[in-house]
Number of protein chains: 4
Amino acid sequence: MVAVAVLGCGRIGQMHARNIARHPRTTLASVFDVHGPSAQKVAETLGVPVAASPEAIFADPAVDAVVIASSTDTHVDLLKMSVAARKPVLCEKPIDLSLSRVEDCAKAIAGTDIPIFLGFVRRFDPTHAAVAQAVRDGTIGTLHQVVVTSRDPGLASEAYLTVSGGIFRDMTIHDFDMARFVLGEEVSEVVAFGARLVDPALMERIDDIDTVSVLMRTAGGRQAIINNSRRAVYGYDQRVEAFGSAGMVASNNCRPNAMTAWGEGFTEKAAPLLDFFIERYTEAFNTEIAAFADAVEGKAAPAVTFEDGRQAQRLAEAATLSAREGRIVKLAELG
Amino acid sequence: MVAVAVLGCGRIGQMHARNIARHPRTTLASVFDVHGPSAQKVAETLGVPVAASPEAIFADPAVDAVVIASSTDTHVDLLKMSVAARKPVLCEKPIDLSLSRVEDCAKAIAGTDIPIFLGFVRRFDPTHAAVAQAVRDGTIGTLHQVVVTSRDPGLASEAYLTVSGGIFRDMTIHDFDMARFVLGEEVSEVVAFGARLVDPALMERIDDIDTVSVLMRTAGGRQAIINNSRRAVYGYDQRVEAFGSAGMVASNNCRPNAMTAWGEGFTEKAAPLLDFFIERYTEAFNTEIAAFADAVEGKAAPAVTFEDGRQAQRLAEAATLSAREGRIVKLAELG
Amino acid sequence: MVAVAVLGCGRIGQMHARNIARHPRTTLASVFDVHGPSAQKVAETLGVPVAASPEAIFADPAVDAVVIASSTDTHVDLLKMSVAARKPVLCEKPIDLSLSRVEDCAKAIAGTDIPIFLGFVRRFDPTHAAVAQAVRDGTIGTLHQVVVTSRDPGLASEAYLTVSGGIFRDMTIHDFDMARFVLGEEVSEVVAFGARLVDPALMERIDDIDTVSVLMRTAGGRQAIINNSRRAVYGYDQRVEAFGSAGMVASNNCRPNAMTAWGEGFTEKAAPLLDFFIERYTEAFNTEIAAFADAVEGKAAPAVTFEDGRQAQRLAEAATLSAREGRIVKLAELG
Amino acid sequence: MVAVAVLGCGRIGQMHARNIARHPRTTLASVFDVHGPSAQKVAETLGVPVAASPEAIFADPAVDAVVIASSTDTHVDLLKMSVAARKPVLCEKPIDLSLSRVEDCAKAIAGTDIPIFLGFVRRFDPTHAAVAQAVRDGTIGTLHQVVVTSRDPGLASEAYLTVSGGIFRDMTIHDFDMARFVLGEEVSEVVAFGARLVDPALMERIDDIDTVSVLMRTAGGRQAIINNSRRAVYGYDQRVEAFGSAGMVASNNCRPNAMTAWGEGFTEKAAPLLDFFIERYTEAFNTEIAAFADAVEGKAAPAVTFEDGRQAQRLAEAATLSAREGRIVKLAELG
């Protein structure tokens with residue numbers, strides 16, 4: 001059993017704490033949040049202590065590993081503390097909104113043998129994973145094109161969106177990682193078109209965009225397309241399609257049930273999609289914990305690395321630049 | 001080119017006349033209907049003569065073959081005339097409402113070398129045909145079970161239903177043929193449950209049933225299930241499922257287009273099914289004409305025979321008896 | 001929290017013990033099995049005590065409720081003990097292989113206010129439940145026909161099958177309950193055809209059948225069809241279709257992932273079905289525990305009752321009789 | 001009845017001639033091809049005369065309208081002759097490989113009242129048409145994104161590809177038209193990535209690309225994505241997805257039959273897609289003829305106009321430029 005402490009008790013921290021507490025391979029050691037009552041509530045529900053500070057967690061010999069689920073601006077510092085304290089760490093995405101801070105962090109932790117595991121949970125979804133595996137297995141021959149469709153069921157709060165770093169760093173970053181996961185080759189060029197179509201007034205206030213299409217290519221000529229919207233009325237739309245010389249594999253949407261209905265004027269009507277990531281990726285979040293336990297116990301290298309987090313961040317940076325300047329951005333430009 | 005005359009210019013006769021006129025392998029020689037104006041209208045539209053009588057058609061050396069699409073009570077006489085005149089014939093189902101008249105007809109035409117082709121059009125549907133072919137090819141190993149779902153989009157007129165011979169002889173007969181087509185073994189026992197659920201008042205007036213479930217088995221133990229309804233509000237439901245030791249094949253429904261829709265509260269909503277047999281089996285009716293032309297030209301034996309018509313009729317008779325007497329009926333009882 | 005003891009530590013008992021131990025609303029109090037080492041193993045894994053005897057469990061004031069997952073022949077006695085000890089009970093199906101013992105048990109426990117919950121887990125599957133709910137909601141108007149397709153992925157061991165009571169009591173019983181769940185009206189007549197097609201030699205040795213089709217009707221004329229096979233090579237096939245005056249709803253199959261594949265000669269190929277009930281009904285087994293907790297805590301009546309178990313048993317008895325005697329069996333014949 | 005002459009008897013000219021000859025609203029007046037035997041063969045099969053020259057067709061008072069299905073370099077001249085002769089015309093795409101010749105032609109025929117109908121056949125496909133109609137009907141609210149997937153089943157001959165004008169002008173042009181058909185707003189910017197992945201050696205010899213992804217936006221911010229491949233081993237992949245504020249509609253692929261298969265290791269395997277445009281768009285080509293007949297008879301304006309042809313050509317030009325120069329191209333740059 002791996003004893004894990006959770007830093008940050010917001011929506012995703014609570015979920016991680018619950019999953020860790022119930023997972024057959026982990027126990028929840030303690031929790032912490034800068035907002036005391038949040039930590040208190042999780043701790044009571046799950047019967048674990050609240051840690052006095054992150055430092056207390058890092059100093060606790062009973063803590064085998066930590067999950068960083070606190071606000072984005074704290075990730076880099078906590079990552080460095082984690083490495084210094086030699087605690088394996090599962091860090092939620094993104095590493096930081098500033099690519100230069102990410103690069104600095106990369107240098108600071110370079111060479112560490114402490115497992116650092118990035119929380120790109122979608123890699124652990126059984127369907128997306130099956131697509132990536134099929135590509136690696138050669139099921140579709142040589143890969144030519146990847147299409148990622150990713151639409152949220154609705155907008156987050158204005159407060160959240162204001163500090164999110166923009167759609168590419170906050171939302172598309174998952175799709176950049178998915179594209180990399182499937183492509184098997186680094187992207188060399190990115191071009192992105194964005195628009196304010198879902199909620200133009202809000203987007204103007206926060207200087208962001210809510211509808212984007214991104215086109216990428218690798219040095220080898222493979223192409224990847226991402227399309228995002230901040231609101232799909234039919235639910236959380238999560239699809240991946242990989243096309244190659246010998247065929248295609250696709251990751252299709254999931255629903256809360258498999259019922260279909262026929263009536264006057266329609267047939268085969270299915271349920272709306274699962275509402276959002278906690279429901280849609282329930283199984284993936286649990287599989288992620290198992291993979292993290294493997295990394296902590298030294299049974300496997302981290303399935304998603306700091307470098308994966310850094311590369312996704314670079315793509316988000318390139319897309320942001322592309323959309324702002326209206327041009328194709330070469331990744332090499334970012335240094 | 002095969003010159004074909006059409007006897008009977010009701011809905012299905014009109015359709016056959018039109019198909020024959022446009023088919024690359026056939027020409028329409030002439031048409032006849034006891035109701036003169038019906039024949040006149042078809043003849044004018046398609047630019048062919050109206051025959052003075054069935055006898056005139058059978059005597060016409062320019063007529064290579066005939067289609068019998070007149071009212072059911074005339075089928076047996078016209079079939080016999082056709083054989084006597086040595087004209088290959090495509091006869092619509094059923095051969096007759098009376099099984100004893102069918103048996104008499106069988107004796108009367110026994111030994112003829114004139115191609116007699118029964119109009120069980122569903123055998124020519126590309127999807128149903130693919131299912132039957134897959135069964136014969138061994139794709140599903142040894143066949144164990146067949147399930148036929150067949151529901152009309154709505155009730156025919158009371159006038160039609162009154163003389164239809166009852167649901168088993170009028171509607172289920174197609175499904176009996178489909179079951180035989182797929183089973184590849186004769187049925188030995190039949191049991192049928194019927195009810196008046198769609199339009200109880202009408203069914204009581206005409207002493208018929210509108211909702212039936214039929215269970216059959218062959219001597220070898222294969223099982224076939226048919227379920228019928230006279231009204232499915234979502235359209236003409238036509239499915240066949242064949243299950244065996246190595247898998248399953250299914251014939252799924254067809255729609256006028258392949259669009260699906262997603263919206264608030266639903267996903268993947270498809271169009272209602274094609275409305276009725278003329279739309280649903282358009283391709284099948286044309287393929288049937290080609291198969292009939294093959295039989296007329298001696299290139300192939302009739303794809304559906306008088307014996308197929310007779311066997312389907314026996315199953316309809318057995319089901320009628322089963323539903324009426326509330327018991328399992330052995331086909332051997334029918335002689 | 002409801003403290004639950006589990007009687008019987010075979011495959012399904014182990015699963016219940018694990019689910020109860022991890023469920024947020026229950027704790028596992030203790031386990032028992034006539035085969036000591038089986039109980040020991042479960043107890044160790046889950047960190048609970050092994051009870052010395054069923055009597056010890058029934059006498060334990062720390063036990064709020066029990067699950068009966070022992071061999072079928074012990075169910076009736078344990079049920080009676082449970083009622084006598086005033087412990088709410090979740091009893092696996094079937095109640096007993098002998099209908100007369102079931103009837104005796106019914107009399108013996110008549111009038112008890114102790115919640116008795118029958119383990120027809122499929123009612124808790126989100127998709128089957130959505131179908132039943134849609135029928136009750138009037139989504140399809142008045143119900144006319146129900147079709148249940150239920151095929152196991154493979155044969156159980158000869159040892160198990162020999163004492164199973166035959167396919168209707170062991171396997172179809174779930175489908176009888178599903179039909180009742182959806183029909184909303186008691187069945188009045190049953191007819192069943194059975195055959196030895198999957199493994200004729202084995203079936204002959206154990207005097208059973210492996211492929212069955214069942215037709216049922218209610219007093220109101222509603223029809224229900226069940227088709228079963230002991231082996232579907234593509235996995236555990238679990239479908240329900242409900243057809244009515246205003247449409248149809250269907251419970252479709254589930255797969256371990258939602259990937260589809262396209263290649264030379266095929267498109268949209270999906271994964272095989274989940275292998276068997278523990279995987280297929282994972283969510284349902286957990287929801288069942290929650291519903292049982294509701295019953296134990298008096299928040300709701302048992303969602304599935306002893307009477308539901310008894311009625312399913314009567315249908316199994318009627319089907320067994322029908323298949324053996326080759327006739328339609330009226331439920332009234334069973335007394 | 002509209003009497004139509006067909007100029008050009010290659011694959012698509014033959015098909016048009018056949019469709020026109022059999023269509024209930026048209027007759028085939030005559031055919032012409034610069035390669036006499038090609039015209040001769042079509043003429044004999046369909047029983048019509050071979051015209052001595054295009055001029056003879058334009059001078060023939062018995063010809064009500066013409067179809068231009070000759071080689072692309074002849075389209076502009078024949079279009080002008082058609083207008084001069086006051087013969088309504090259905091012209092196959094593209095108008096010309098040179099955008100400047102297209103612009104010159106536009107000027108030359110400006111102001112004519114002769115119906116000029118562009119052969120973008122996909123607009124007449126029932127499924128694509130249903131998608132465009134749903135968008136116009138507001139079924140999906142305000143349109144935000146369009147995704148067109150279009151992959152050929154295999155490469156055309158090197159001879160054909162060499163003179164095709166490149167993938168954007170030859171293949172993607174249909175998708176540009178489809179995007180415009182659905183978008184309902186002109187595109188303002190285009191960016192395209194291309195690669196040689198299907199047959200790099202051939203592509204190098206003919207200086208073309210075989211795998212492309214195109215991103216476009218309108219002045220209003222709507223986004224359209226096209227992805228193309230010259231070879232999909234599973235058949236002719238033709239999909240369109242339109243996403244908006246109130247939902248999504250999708251045009252799904254068509255197959256020669258609706259059978260699905262289940263077996264060891266797979267479920268719901270469907271047939272490969274229809275092989276190529278003549279099979280896939282059979283119904284659309286016939287509906288196109290009916291729409292053309294409407295235009296010729298003055299019942300409706302041409303459903304697809306010269307201007308539609310010109311705009312698609314501009315998009316092809318912009319995409320070609322974008323792929324060559326590695327930059328976003330504004331349509332305004334093209335003048």
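Which residue forms a salt bridge with D:Glu241? The partner is A:Arg151, and the closest N and O atoms of the two residues are 3.2 Å apart. Please keep in mind throughout that this is a predicted model.

## Where the domains touch

Nine residues of domain 1 of chain A are in contact with twelve residues of domain 2 of chain A. Together the two domains bury about 790 Å², and carbon and sulfur atoms give 58% of that area.

A salt bridge joins the side chains of A:Arg314 and A:Glu103, at 3.7 Å from N to O. There are also three residue pairs in polar contact between the two domains. On the side of domain 1 that touches domain 2, helix H5 (residues 99–109) of chain A gives the most, with three residues. By class, the residues of this side are five nonpolar, no polar and four charged.

## Where chain A meets chain D

Now for the contact between chains. Chain A brings 43 residues to its contact with chain D, and chain D brings 43 residues as well. The size of an interface is often given as the accessible area lost when the parts come together. Between chain A and chain D, the buried area is about 3,300 Å², with 62% of it from carbon and sulfur atoms.

Four salt bridges are found across the interface of chain A and chain D. The interface also holds 20 residue pairs in polar contact.

## The strands on chain A's side

Which strand of chain A gives the most to the side that touches chain D? That is S8(A), with seven residues. To trace this side by eye, follow strand S6 (143–151), strand S7 (187–195), strand S8 (211–218), strand S9 (223–229), strand S10 (237–244) and strand S11 (247–251) of chain A, each of which supplies at least two residues. Sorted by class, the side of chain A that touches chain D has 19 nonpolar, 15 polar and nine charged residues.

Notes. Residues are numbered from 1 along each chain as its sequence is written. Chains are lettered from A and ligands numbered from 1 in the order in which they are written. This is a predicted model: local features need pLDDT of at least 70, side-chain atom pairs count only at pLDDT 80 or more; totals for chains, interfaces and linings use all residues. Side-chain values use heavy atoms; hydrogens and water are left out. Contact means heavy atoms within 4.5 Å. Buried area is the accessible area (1.4 Å probe) that two parts lose on being put together, summed over both. A polar contact is a pair of N or O atoms within 3.5 Å; within protein, one must be able to donate a hydrogen and the other to accept it, and residues adjacent in sequence count only if both atoms are side-chain atoms. Helices (H or I, at least four residues) and strands (E, at least two) are DSSP runs, numbered from the N terminus. Ala, Val, Leu, Ile, Met, Phe, Trp, Tyr, Cys and Pro count as nonpolar, Asp, Glu, Lys and Arg as charged, and the others, Gly among them, as polar.
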